Amino acid sequence: MNAQAEHPQSNNVVRLCVMMFLQYAIWGAWAVSLGGFMQTTLKFTGVQIGAVFATTAIAAMISPWIVGFLADRLFATEKLIAALHLIGAGLLSFAAIQTDFMTLYVAMVAYAIVYMPTLALTNSIAFANIGNAEKEFPVIRVGGTVGWILVGLLVGLVLDVPAGTSSAPIWLAAGTSLALAIYSVIGLPHTPPQGKDKPAEKTGASVLQLLNDPSFLVFVICSFLICIPLSFYYAQANVFLSEIDAPFPTALQTLGQISEIGFMLAMPFFIAKLGVKRMLICGMLAWSLRYFAFGTYAFPAVVFGLVLHGICYDFFFVASQIYVDNRADESQRASAQGFIAFITLGVGMFVGSYASGWTVDAYPPSIQIEAAVKSSSAATPTTSSMMLPNWDAGAKEDRTGLAALLDLDSESQITPAMITQPLVVTDAANESETTYSVAALQQAAKDADKDKDGKTTRREWRAAQAKDWFYIWLWPGIGAFVTCLVFIVGFRQPATHTETAQEP
């Protein structure tokens with residue numbers, strides 16, 4: 001019996017909304033704050049941060065193919081979702097207690113392998129249990145956006161204050177993953193494999209045959225290319241907001257998801273009026289405009305860039321998912337969604353995550369300071385060039401920056417003469433101790449004094465700590481714009497639902 005026939009359609013929409021809420025709450029709990037946590041607390045480099053975020057891309061290149069086949073031919077989709085999220089809860093719990101880069105990296109690779117297939121599986125189970133995808137899927141997908149927003153507010157305003165100092169968001173993600181595993185068994189409509197009785201040689205073949213259509217091939221290529229610049233946002237935006245002293249960075253990023261709700265609910269209107277091609281073009285242009293806005297450093301422009309997320313995400317990802325569902329045979333839903341996940345969240349995000357790390361490391365803060373670093377593995381300190389120590393770091397009661405050394409607050413100003421003793425910062429996570437000499441701190445205070453009035457404010461010191469974000473955001477902005485031009489020229493298929501639904 002068909003899954004839709006077993007459950008009233010309206011009831012399925014509610015069930016699937018709850019599923020999407022939990023699905024994206026898991027991702028939002030750790031993904032937004034993890035970059036700041038790795039930089040501020042774990043002291044990872046830009047390449048290391050990019051590598052951790054690339055774990056989702058590695059998984060998206062591997063597991064969706066396998067899991068898509070299992071869902072299409074062997075197992076009920078809701079049972080696969082439950083099993084994967086149960087394993088994911090355990091892996092996230094393990095990741096939450098790690099401080100070493102390699103151990104955390106391996107844990108996140110393992111977690112990503114079980115999480116990333118669930119993105120395609122939740123899409124396929126939704127499409128299998130609704131009647132009109134263009135009208136009903138955006139409503140269901142809004143549940144995911146609401147989940148991301150609420151968990152982002154919880155993390156940004158409660159669990160991760162000050163930003164980047166707590167592993168609590170990872171624990172929250174683990175608990176939510178366990179909740180979705182349970183809900184998948186008791187709350188989701190039963191969705192048996194639709195391709196179980198199909199000839200084995202047909203599975204997968206019809207998905208790849210779509211590439212014979214030149215427009216579909218251009219769509220796939222541009223989907224890969226656009227995910228390179230957009231991965232900069234996911235890996236580095238939280239770090240950027242922290243460095244420019246934006247208030248409550250993680251919570252602030254939920255502005256993007258708030259705008260996403262409005263655009264998501266309006267998706268049926270935009271699909272009817274604009275069609276797939278124009279929607280994808282708007283989405284790509286929005287990514288480019290967002291990065292150029294970030295590069296201005298002006299807070300109103302940065303907020304505008306965050307609010308653009310509704311167009312950036314909905315007009316590209318959601319439109320792509322609907323487009324792929326229309327083009328694929330119903331027995332290939334999971335495999336088709338897995339294929340586009342492989343291209344976008346897999347190959348594209350993998351390249352983009354590393355590219356973002358390399359780009360960030362290529363534009364370090366303009367002021368470096370010499371410091372003596374003594375680690376547990378070295379008997380004698382080694383002198384190296386490092387970024388400036390924090391003005392204030394950690395919780396108020398255990399600050400280890402200049403605020404503790406000189407008894408400063410956010411309104412204070414310093415002069416070189418005020419610095420009369422070295423600053424020693426202990427990094428318990430990496431078992432190291434960094435000593436900044438008096439002479440090095442005095443010179444840093446002079447260099448950070450941009451207006452040359454003999455006094456350095458916290459704002460000036462923080463600006464000297466920040467990377468050169470203008471150029472960091474310039475490159476993905478150009479990349480998104482060039483990709484859009486390629487898509488405009490190469491994608492010629494009519495954008496109406498009727499035409500995109502036809503087989504090539």
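**Group meeting: a helix crossing, cavities and a pocket**

Good morning. I begin with helix α7 (residues 133-159) and helix α13 (residues 267-294), whose axes come within 8 Å and cross at roughly 140 degrees. Because angles under 35 degrees count as roughly parallel, over 145 as roughly antiparallel, 65 to 115 as roughly perpendicular and the rest as oblique, α7 is oblique to α13. Axes here are lines fitted to C-alpha atoms, for helices over the stretch in contact, with angles from 0 to 180 degrees between N-to-C directions. Helices are DSSP runs (H or I, at least four residues), numbered from the N terminus.

Glu134, Lys135 and Pro138 of α7 meet Met267, Pro268 and Ile271 of α13, where contact means heavy atoms within 4.5 Å. By class, this contact has 4 nonpolar, no polar and 2 charged residues. Ala, Val, Leu, Ile, Met, Phe, Trp, Tyr, Cys and Pro count as nonpolar, Asp, Glu, Lys and Arg as charged, and the others, Gly among them, as polar.

A word on the source. This is a predicted model, in which local features need pLDDT of at least 70 and side-chain atom pairs count only at pLDDT 80 or more, while totals for chains, interfaces and linings use all residues. Residues are numbered from 1 along each chain as its sequence is written, and side-chain values use heavy atoms, with hydrogens and water left out.

I turn to the cavities. On a 1 Å grid over the protein atoms alone, a cavity is a set of points where a 1.4 Å probe fits but cannot get out; lining residues have an atom within 4 Å of a point. There are 6 cavities of 30 Å³ or more. A volume is the space filled by probe spheres set on the points, which are joined across faces, edges and corners.

The largest cavity has a volume of about 310 Å³. Of its 23 lining residues, Tyr24, Trp27, Tyr313, Phe317 and Leu345 are the closest to its centre. Helix α16 gives the most to this lining, with 6 residues. The lining has 12 nonpolar, 9 polar and 2 charged residues.

The second largest cavity has a volume of about 140 Å³. Among its lining residues are Trp27 and Leu345. This lining divides into 9 nonpolar, 3 polar and no charged residues.

Finally, the second largest pocket has a volume of about 340 Å³. A pocket is an open set with protein on both sides within 12 Å along at least five of seven lines. Of the 13 residues lining this pocket, Glu243, Ile244, Asp245, Arg459 and Ala463 lie nearest its centre. Its lining holds 4 nonpolar, 2 polar and 7 charged residues.

Conventions: Helix = DSSP H or I, 4+ residues; strand = E, 2+ residues; numbered from the N terminus.
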